[in-house]
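Please keep the sequence and the model side by side while reading the points below.

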Amino acid sequence: MQIQKYIFAIMRKLIYLFILLACCFWACRKNEELIPNVSVNEYIDLNLPSYSTLNAVNNWIYYPAGAKGLIIFRKSTTEFAAYERACTYDPNTSGAVVVMQANGIDARDSICGSKFFIFDGSIINGPASRPLQQYRCTFNMSANQLHIYN
């Protein structure tokens, strides 16, 4: 009888310890919120002077769409990438946006300092643990028109 009480007391303590540890891990984790789901369905005529920068490979522009704007990057003569400017680390922080760096190959969050590779949106260094949110791009070469959508 004494052994059963002793085992029961140990099991109860282990359960309490497990619950306490689970709460600590959950509470200590950085709140990596999701970027607000904003519908994007943009057509960009690259023949217009305001988008002429995108007519050359490895050039980029900021574009007013998405949650905090987009970075549109021309990867090759036929391939584009469009990334959300809201950082994946803490997208709801006021004033925080991903900004292209002078080297033209990476972008950095202005508040947390997370750095991303512009060719694929991957993380160069954190604290972000997810790549930049990417939108789909379709390029109509004959019309010189880019379609960005989600």
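1. The structure holds zero disulfides, where a disulfide is a pair of cysteine sulfur atoms within 2.5 Å. C87 is accordingly in no disulfide, and the nearest cysteine sulfur, which belongs to C112, is 3.8 Å away.

2. Before going on, please note that this is a predicted model, in which local features need pLDDT of at least 70 and side-chain atom pairs count only at pLDDT 80 or more, while totals for chains, interfaces and linings use all residues. Residues are numbered from 1 along each chain as its sequence is written, and side-chain values use heavy atoms, with hydrogens and water left out.

3. Is C87 buried or exposed? C87 counts as buried because its relative accessibility is 1%, and buried means under 20% relative accessible area, exposed means over 50%, and partly exposed lies in between (1.4 Å probe, protein chains only). C137, with a relative accessible area of 26%, is therefore partly exposed. Across the protein, buried residues make up 32% of the 150 residues.

4. The protein has one helix and 10 strands, and from the N terminus on the order is α-β-β-β-β-β-β-β-β-β-β. These elements are DSSP runs numbered from the N terminus (helices are H or I, at least four residues; strands are E, at least two).

5. Four of the strands form an open, antiparallel sheet in the order 5-6-7-8, where two strands pair if DSSP finds at least two bridges between them. Strand 5 (98-100) and strand 8 (123-125) are the edge strands, each of which pairs on one side only. Within the sheet, strand 6 (residues 106-109) and strand 7 (residues 115-117) run antiparallel and are joined by three bridges, and R108 has K115 in strand 7 as its bridge partner.

6. The largest nonpolar core has 16 residues, of which I44, L70, I72 and I148 touch the most other members. A nonpolar core is a set of buried Ala, Val, Leu, Ile, Met, Phe, Trp, Tyr and Cys residues joined through side-chain atoms within 4.5 Å. At least two residues of this core come from each of strand 2 (60-63), strand 3 (70-74), strand 4 (80-84), strand 9 (134-140) and strand 10 (145-149). A second, separate core of 13 residues includes A81, C87, Y89 and V98.

7. Leaving aside residues up to four places away in sequence, L70 touches several residues, among them V40, I61, Y83, Y135 and I148, contact meaning heavy atoms within 4.5 Å.
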